[in-house]
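Trainee: I would like to learn how to read a model like this one. Please take me through it feature by feature.

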Amino acid sequence: MHTGEMSVFPKISLKPEVTEYLRNVYLNKEVLAAVGPQEAESRFQKLLACLSHPPSSTCVRASTHLAPLEDIRLSLEKELEKQQKCGSSAEEPSVQIAPHPRITDVLLLPVDGPRVVEQLSSELVVGAQCGSAVLRGAHVFAPGIISSPKYMKAGDMVSVFSDLEGRCTRGATSFQGNKVFVGNGVAEMDRSSIFATETPARGVGVRMVDPLYKSPSFDGVLPSMVFLQNLPSVVVGHVLAPQPGERILDMCAAPGGKTCHIAALMWDKGEVVALDRIRNKIDRIRQNAQMLSLQSIKAFCFNSTQAVSDEPAQEAEGPPFPPESFDRVLLDAPCSGLGQRPIMASTWSLKEICSYPLLQRKLFQATLLLQAVRLLKKGGVLVYSTCTVTLSENEEQVAWALNTFPCLSLQPQEPHIGSEGMLGAGLSPEQLRLLQRFSPELSWEQTDMTVPLTCRADTDTIGFFIAKFLKT
């Protein structure tokens, strides 16, 4: 259970113009007319608060194409019990692992926090991304360490702080800037090894033993059987609903979690084509596919905006592809990522935030009009998703797509465990009900830890958006 207040960190730190931009999104005319200014402002403030904190549960996608869910749950339970015995001398209750009541390949684990942890005099500073990972259960890996005590040796206890604004100088011995405490750990390396110039240090630099938010580390735990993935990202695969024998396209596939999930849902029967522009990300997708024993995935380093072939129709194994080559298409679009949790600070400017809808609109137009819609067979399904909370990257994209492509219509989603779409893009109530927006601010500070884990997990998530279209 949580042993402190819900809000232990400051609200997410954004540039003032970005905060004002988001406020205008959450207090748009349609929202104000529906809920009033007081409730709209309250939701916005809760959004800023919850974004800087981790969700209250950890979601694990199980490889149910390889073994039954209950077998995987029991194996995970044993592995985590071993981890507990190795990591602490104190007697701790065993980790609760619960199957999700509606999603058949999901296991849920509670996050214990915020906990009361006493800060030590020895301080170690990590980058903001590393600090966020620690809050989700990770240990501190050496590349994420920016500053450490001058004479730190392996075995020393240290308090770990996250550098919110990226201002700490690498190799410093102390840092007085804007930082937040994330827990205590044991150094696994000497300072000299961490900051060696000849060979950069790799591996765990600090093993967290008393984190502010306690959840299991999954580093090396049953890698072929469990895959850490945010719950809404798992929902996407089920909404796409791939069937054995179909040909599926994942247009922006990296890092490959959704690609592998699609293949698993098809029982590895059929073909899943994964495209991404960056070579090392494609290599990662192939490695994950191999680790999960998935043979149906074909990954290509390719620009999705050029995925349709203008050549006469012929069967193509790799891109570009002839029109109407795929039964289903997933477009998990590049976005501003303003739904990810925890994010304690963002240094993005308003120009950078607002450039994403333009880039995404361009990607969406090109892929949807010239690529996704052309590549999709008649009667095929297109699922569009993002991990952000803005209207311009979500509901406004849907409104634009429906106006631009008469062959597209919104479809019901299963499962639908999030809330409906957000007001403000001119969509009808019926259309909004067909959309799925994961809105953690709607339950923030109302999360009763006596409520069953499986109920909390559906609402206390990252911010996420899903739309499902049918091509006729």
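Mentor: Start with burial. Buried means under 20% relative accessible area, exposed means over 50%, and partly exposed lies in between, with a 1.4 Å probe and protein chains only. By that scale Ser-293 is partly exposed, because its relative accessible area is 38%. Keep in mind that this is a predicted model: local features need pLDDT of at least 70, side-chain atom pairs count only at pLDDT 80 or more, and totals for chains, interfaces and linings use all residues. Residues are numbered from 1 along each chain as its sequence is written, and side-chain values use heavy atoms, with hydrogens and water left out.

Trainee: Where does Ser-293 sit, and what is its phi?

Mentor: Elements first. Helices (H or I, at least four residues) and strands (E, at least two) are DSSP runs, numbered from the N terminus. Ser-293 is in the loop between α9 (279-291) and β13. Its phi is near 55°, a positive value in a residue other than glycine. Asp-268 also has a positive phi, near 60°. That residue lies in the loop between α8 and β12 (271-276).

Trainee: Is Ile-297 buried or exposed?

Mentor: Ile-297 counts as buried because its relative accessibility is 13%. This residue belongs to strand β13 (residues 297-301). Now contacts: heavy atoms within 4.5 Å. Leaving out residues up to four places away in sequence, Ile-297 touches Thr-259, Cys-260, Ala-263, Val-272, Ile-285 and Ala-289.

Trainee: How do I read a nonpolar core?

Mentor: In soluble globular proteins, nonpolar side chains tend to be buried together. A nonpolar core is a set of buried Ala, Val, Leu, Ile, Met, Phe, Trp, Tyr and Cys residues joined through side-chain atoms within 4.5 Å. Here the largest one has 54 residues. Leu-249, Val-329, Val-398, Leu-427, Leu-435 and Phe-469 touch the most other members. A second, separate core has 38 residues, including Met-266, Leu-330, Val-383 and Ile-462.

Trainee: How do I describe two packed helices?

Mentor: Two packed helices are described by the angle between their axes and the distance between the axes. Axes are lines fitted to C-alpha atoms, for helices over the stretch in contact, and angles run from 0 to 180 degrees between N-to-C directions. Helix α7 (residues 231-240) packs on helix α8 (residues 257-265) at about 40°, with axes 9 Å apart. Angles under 35 degrees count as roughly parallel, over 145 as roughly antiparallel, 65 to 115 as roughly perpendicular and the rest as oblique. α7 and α8 are therefore oblique to each other. On the α7 side, the contact uses Ser-233, Val-234, Val-236, Gly-237, His-238 and Leu-240. α8 brings Lys-258, His-261, Ile-262 and Leu-265.

Trainee: How many residues of α7 are buried?

Mentor: In α7, 10 of its 10 residues are buried. Just after α7, Ala-241 takes a positive phi of about 55°.

Trainee: And what is the angle between α1 and α3?

Mentor: About 135° between α1 (residues 16-26) and α3 (residues 37-51), with axes 9 Å apart. This pair is therefore oblique. Thr-19, Leu-22, Arg-23 and Tyr-26 of α1 meet α3 residues including Phe-44 and Leu-48.

Trainee: Where are the cis peptide bonds you would show me?

Mentor: One runs from Gly-113 to Pro-114, with omega near 0°. Pro-114 lies in the loop between β3 (106-110) and β4 (123-127). Another cis bond joins Glu-414 and Pro-415, with omega about 0°.
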